[in-house]
Amino acid sequence: MKTLQQKLKAKGINVGVDGQFGPKTKAAVIAFQRANGLTADGVVGPKTWAKLNAAAPKPPAAAPSTPTLKQGAKGQSVKNLQTRLRAHGHNVSVDGQFGPATRNAVLAFQRAKGLGADGVVGPQTWAKLNAAPSANNNPTPSGSKKVAGYVNGKARTITVSPIGNGKFLRSDAAVKFNAMKAAAARAGVTLHVNSGFRTMAEQRYLYNLYKAGKGNLAARPGYSNHQGGLSADINAPGGYSGKVYNWLKANAHKYGFKNDVGGEPWHWTFKG
Ligand SMILES: [Zn+2]
């Protein structure tokens, strides 16, 4: 009886679920029968059951399927897992079978991401799997080069990659920057970089201009995030009220960039 009442409710008929076929339930059955072109006699026979069981309302759109998976699991969610492992550079076949090879790939992935390496794919592992693969798993972008960078006053050899307009950022930051630039372009916003990675000579030049009162604030040579290949000065017409700044304010964090110098709406630094 409860099943009948539940099904009536699921069809939008207002009835209490008390397990008693009383007058209210009978009235509900009659209403349902009328609405479905059945003989409205209040008797639940095969035809009424058939309509009650037909095409239940669809559940809300399913979230991406990320059930906990371990060795022995099978099916589409394992295929999704294998596809994501491949996206992160782990060479497994996408066969929907969670065997030892898949488990080894999961262990390697978990180790690489600093997760507990147990070979079980739970919410934390799924979150990392569904995140964009890091630059380390991508081939070094073309046009990359090794340069003399500086981080906190210390010399470092870093690899930088092009971000357009002849400018460069450290390769991992450049990959993210270029993704951000493409997204901005899709939104009708042009990210034009005026300054990216700077050599020591370039930073000294800008610092001297600043000291002479002729240029924008520039960090002490060796200490600018531009010298680590992490900061990009993006042409931002209109400053804080401009379209470029406002698009970046809403979106740059998705790519790991932050506007981290007050008074400089153009200066965006990769924080990873
Ligand atoms: Zn800057």
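Before you pick anything, one term: two residues are in contact if their C-beta atoms, placed from the backbone, lie within 7 Å. Also keep in mind that this is a predicted model.

**Stop 1: lysine 167**

Select lysine 167, which sits in strand β3 (residues 167–170). Leaving aside its neighbours within four places in sequence, lysine 167 is in contact with Val193, Ser195 and Gly196. Is lysine 167 buried or exposed? Count the C-beta neighbours inside 10 Å and you get 20, so lysine 167 is buried, because the cut-off for that label is 20 or more. Now click serine 241 as well: it is 74 residues away along the chain, and the two C-alpha atoms are separated by 25 Å.

**Stop 2: the sheet around it**

Zoom out to the open sheet of three strands, whose order is β1-β2-β3 with antiparallel pairing. Which strands are at the edges? They are β1 (145–151) and β3, each of which pairs on one side only. On average, neighbouring strands here are turned by 55 degrees against each other, direction ignored.

Strands of a sheet pair through backbone hydrogen bonds, either parallel or antiparallel. Highlight β2 (residues 154–164) next to β3: this antiparallel pair is joined by four bridges.

**Stop 3: two asparagines in the loops**

Follow the chain from β1 into β2 and stop in the loop between them, at asparagine 152. Asparagine 152 has a positive phi of about 50 degrees although it is not a glycine. Asparagine 152 is exposed, with 10 other C-beta atoms within 10 Å.

Next, select asparagine 165, in the loop between β2 and β3. The hairpin of these strands has two residues between them, and asparagine 165 takes a positive phi near 60 degrees. Asparagine 165 is exposed too, with 12 other C-beta atoms within 10 Å.

**Stop 4: the largest nonpolar core**

In soluble globular proteins, nonpolar side chains tend to be buried together. Here, the largest nonpolar core has 27 residues, and those touching the most other members are Ile163, Leu169, Ala174, Phe177, Met180, Ala232 and Ile234. Which elements each supply at least two residues of this core? Colour β2, β3, α7, β5 (231–234), α9 (243–251) and β7 (267–270) to see them. Helix α7 gives the most, with six residues.

Beyond its neighbours within four places in sequence, alanine 232 is in contact with Ile163, Leu169, Phe177, Val193, Gly196 and Trp268.

**Stop 5**

Finally, move to helix α6 (residues 123–130), where Thr125, Trp126 and Leu129 are buried. Look down the axis of α6: the buried residues fall within an arc of 100 degrees, so they line one face of the helix. On the other side of α6 you'll find Pro123, Gln124 and Ala127, which are exposed. What do the buried residues of α6 pack against? Show α4 (76–87) and α5 (100–112), and you have both partners.

Terms used. Residues are numbered from 1 along each chain as its sequence is written. This is a predicted model: local features need pLDDT of at least 70, side-chain atom pairs count only at pLDDT 80 or more; totals for chains, interfaces and linings use all residues. Two strands pair if DSSP finds at least two bridges between them. Axes are lines fitted to C-alpha atoms, for helices over the stretch in contact, and angles run from 0 to 180 degrees between N-to-C directions. The arc is that of the directions from the helix axis to the C-beta atoms. A nonpolar core is a set of buried Ala, Val, Leu, Ile, Met, Phe, Trp, Tyr and Cys residues joined through C-beta atoms within 7 Å.
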